[in-house]
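Here is a short briefing on one protein model. Look over the sequence and the structure first, then work through the points below.

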Amino acid sequence: MRTNFDHLPSRKKTNCTKWDDLQKRFGCLSDADVLPMWVADMDFPTPPEIVEELTKRISHGVYGYTMVSDSFSTTVSQWMKTRHHADVDPSWVKFSPGVVPGIANAIQALSHEGDGVIIQPPVYYPFFSVVEDNQRKLVFNPLIETDRSYRIDFDDLRIKASRPDVKLMILCNPHNPVGRVFTREELLEIGAICLANDVKLIVDEIHADIVFKPHVHVSYLAMPDEIRNNGIVLISPSKTFNLAGFQTSAVMIPDAQLRAKYQRRSEITRTTSIGCCGETALEAAYNRCAYYADELVEYLGENKRFCEEQLSTRFPELTLFDLEGTYLLWIDFRQANIELNDLDRFMIEDVKVAVDYGHWFGEEGRGFIRLNIACPKALLVEAFDRLDKAMHG
Ligand SMILES: Cc1ncc(COP(=O)(O)O)c(C=O)c1O
């Protein structure tokens, strides 16, 4: 491995959400002894090739208004081809300052106030607020819990999609927080249901690069034309290369009419302008750092195996759900001897590990935690020791 993922850079006092926002977010008196394993970014430095390109850009010394160049689109298209076997015409690609802002624009562009938007809880919590803040109605198609995994309730989806008020669905694939990587068959079925009911699909593929074998990420853009043309797909190098601070994402829209509507909306919301380093970072990542993505998945795979082993040997009362993709573990505490309403307090005050609480992802998530394992293994060792001590005395 070229990358040393065991090295923990100090992130405190860098205005870092994960490490510096603990007191506000979790209400703890001090953050000095809390291990932050919550928000989805990584405690790994970005690859040196990206630092090198950014250093070149920064040393130029002039940081005026910056445009999105054509190579932004060709780079994204190339990445989708080589990494995800999806043919993406560069003309389909639009810049967005983030995946969530892109989803907000898509909601505004493709639906009206009061329309219904389907989401599949337990799911990434900004999906709830981005729908409601835009005065659309949440329509739930909850995932069905199976043995340490989840499946889609297609019967329910058919009913919800056929409602006349429902115009959109937001799909998270790979799914945060349950860790599912949906199969081609599942995607085809979702796609066919949405198409048959004229429900447009917004597909958030931000975690696409982080998938564990034998699972394979199938992009919605690799679906048959008719199904694919009914969707909008969003990606970003932010998760894979730890670049969230550059606020640079890509929205891919095959259908010309949908694309024009999206484009107009992003002009209205003034979200077409890129920061002066965003494209530099994206292009360095996608053009020069595929090796890093491979190494990252390998390291995260080892972390995942370590957590599986820890949970099965030391915490028989907890259930770890299968992690097919993402670096976010979904852990079930419902059989543990902890009052469910006390789980949040227990994690932050007794264990002293900051995690995302399951109920943030919808009521279905109550009794779960989401643990971010994108960190040096030493931090995981420490986290499980703390959990053992707090749970078993
Ligand atoms: C599924 C999903 N979508 C979007 C985001 C955030 O994307 P952005 O910061 O580009 O808005 C995250 C971050 O955790 C995520 O997990």
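The points cover a helix, a ligand site and a single glutamate. Keep in mind that this is a predicted model.

**Helix H15**

- Helix H15 runs over residues 377–392 and has 16 residues.
- From its first C-alpha to its last, H15 reaches 22 Å. That is close to the 22 Å expected at 1.5 Å a residue.
- Which residues of H15 are buried? They are Leu 379, Leu 380, Ala 383, Phe 384, Leu 387 and Met 391.
- Seen down the axis of H15, these buried residues fall within an arc of 130 degrees, so they line one face of the helix.
- Ala 378 and Lys 389 sit on the other side of H15, and they are exposed.
- What do the buried residues of H15 pack against? Their helix partners are H1 (17–20), H13 (290–314) and H14 (343–351). Their strand partners are E1 (35–36), E13 (353–354) and E15 (368–372).
- Gly 393 follows H15, and the phi of Gly 393 is positive, near 80 degrees.

**The ligand site**

- There are 13 residues around the ligand. Val 99, Asn 176, Asp 204, His 207 and Lys 239 come nearest.
- Asp 204 has an N or O atom in its side chain that is 2.5 Å from a nitrogen atom of the ligand.
- Asn 176 places a polar side-chain atom 2.8 Å from an oxygen atom of the ligand.
- Val 100 uses its backbone: an N or O atom there lies 2.9 Å from an oxygen atom of the ligand.
- How much of the ligand does the protein bury? Taken alone, the ligand exposes 400 Å², and the protein buries 85% of that.

**Glu 145**

- Glu 145 is found in strand E5, which covers residues 144–146.
- Leaving out residues up to four places away in sequence, Glu 145 touches Tyr 150, Phe 321, Arg 334 and Phe 368.
- With Arg 334, the link is a polar contact: the two side chains meet at 2.6 Å.
- Phe 321 is 176 residues from Glu 145 in sequence. In space, the two are 9.9 Å apart, C-alpha to C-alpha.

Terms used:
Residues are numbered from 1 along each chain as its sequence is written. This is a predicted model: local features need pLDDT of at least 70, side-chain atom pairs count only at pLDDT 80 or more; totals for chains, interfaces and linings use all residues. Side-chain values use heavy atoms; hydrogens and water are left out. Helices (H or I, at least four residues) and strands (E, at least two) are DSSP runs, numbered from the N terminus. The expected span of a helix is 1.5 Å times one less than its number of residues. Buried means under 20% relative accessible area, exposed over 50%, partly exposed in between (1.4 Å probe, protein chains only). The arc is that of the directions from the helix axis to the C-beta atoms. Contact means heavy atoms within 4.5 Å. A residue is near a molecule or strand if one of its heavy atoms lies within 4 Å of it. A polar contact is a pair of N or O atoms within 3.5 Å; within protein, one must be able to donate a hydrogen and the other to accept it, and residues adjacent in sequence count only if both atoms are side-chain atoms. Accessible areas come from the Shrake-Rupley method with a 1.4 Å probe; for residues, only the protein chains shown count as cover.
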